[in-house]
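Me: Could you take a close look at one part of this model with me? I would like to go through its charged pairs and the residues around them.

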Amino acid sequence: MDATADVFGSFEFLKLKSYSPPSWASHLHPLPTHFFSLGHLPTPIHQWNLPNLPRNTQLWLKRDDLSGMQLSGNKVRKLEFLMADAVAQGADCVITIGGIQSNHCRATAVAARYLNLDSYLILRTSKVNVDKDPGLTGNLLVERLVGAHVDLVSKEEYAKIGSVALTEMLKNKLLREGRKPYVIPVGGSNSIGAWGYIEAIREIEKQVVSESGSVGIDDIVVACGRFCILQYLTCEHFYHFHACSEIV
């Protein structure tokens, strides 16, 4: 990208854009109509000159760590669609849940602040710390800097009640107070957030074709956390269209 394009690209940040899915995903539902431009996308693909690779082997990395520091790597991909859905539904605040140092919760709080929404975080911690001030360490510092409302829950209570029930309880409380909350599940992993990964595959397709003609990809390695199935399916599409020999 040249300097001029980079300058004008900066004005795209926080812009609400209409969305058209790739043809191979147009049959999926729900089909989003808009997304917010929150990430520094596309993220580059870099060759990694790792020592002692087998002969005639190249290793390439999709650098989603460069998507924007405050929005936590690939987390922003889901939030671009989730936040657009929240705004479309008239929400004035978002609720999400995760571990005490959840990157997803931090990213959600930052994205909410960018879009003038309040954020409510339910954070899982140890039983001995649930009634203590969690302090200002790590992601908690960022969350408090952007004004997130933090509620702590013990690991035992989390396991007993479950994340869905806990967020629903907070949602009902906020509704009684006259708020309009939008719930984002653990990790942002649902049918709306899934479109972030679908777009990631379309992004990679364009890069593989444009980067010096073509990069011969034989194997795809995906780190699987939440929503591993979707990551696998989108890579499966890539596998069929680009003659990869294996997905790991």
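Is Arg144 buried, partly exposed or exposed, and what is its relative accessible area?

Reply: Happy to. Arg144 is partly exposed, with a relative accessible area of 33%; buried means under 20% relative accessible area, exposed over 50%, and partly exposed in between (1.4 Å probe, protein chains only). Please keep in mind that this is a predicted model, in which local features need pLDDT of at least 70 and side-chain atom pairs count only at pLDDT 80 or more, while totals for chains, interfaces and linings use all residues. Residues are numbered from 1 along each chain as its sequence is written, and side-chain values use heavy atoms, with hydrogens and water left out.

Now to the partner of this arginine. Arg144 forms a salt bridge with Asp133, with 3.1 Å between the closest N and O atoms; a salt bridge is a side-chain nitrogen of Lys or Arg within 4 Å of a carboxyl oxygen of Asp or Glu. This pair links distant parts of the chain, 11 residues apart: Arg144 sits in helix α4 (residues 139-145), and Asp133 in the loop between β6 (118-125) and α4. Helices (H or I, at least four residues) and strands (E, at least two) are DSSP runs, numbered from the N terminus. Asp133 is exposed, at 57% relative accessible area.

The whole structure holds 11 salt bridges. In one of them, the side chains of Glu177 and Lys173 meet at 2.9 Å, N to O. Salt bridges with shared partners also join Lys62, Asp64, Arg77 and Glu203 into one network. Glu177 is partly exposed at 48% relative accessibility, and Lys173 is partly exposed at 40%. Asp65 and Arg63 form another salt bridge through their side chains (2.8 Å, N to O). Asp65 is partly exposed with a relative accessible area of 49%, and Arg63 is partly exposed with 24%.

Setting aside neighbours within four places in sequence, Thr43 is in contact (heavy atoms within 4.5 Å) with residues including Lys62, Asp64, Arg77, Glu203 and Gln207. Gln207, in helix α7 (residues 194-210), is buried at 8% relative accessible area.
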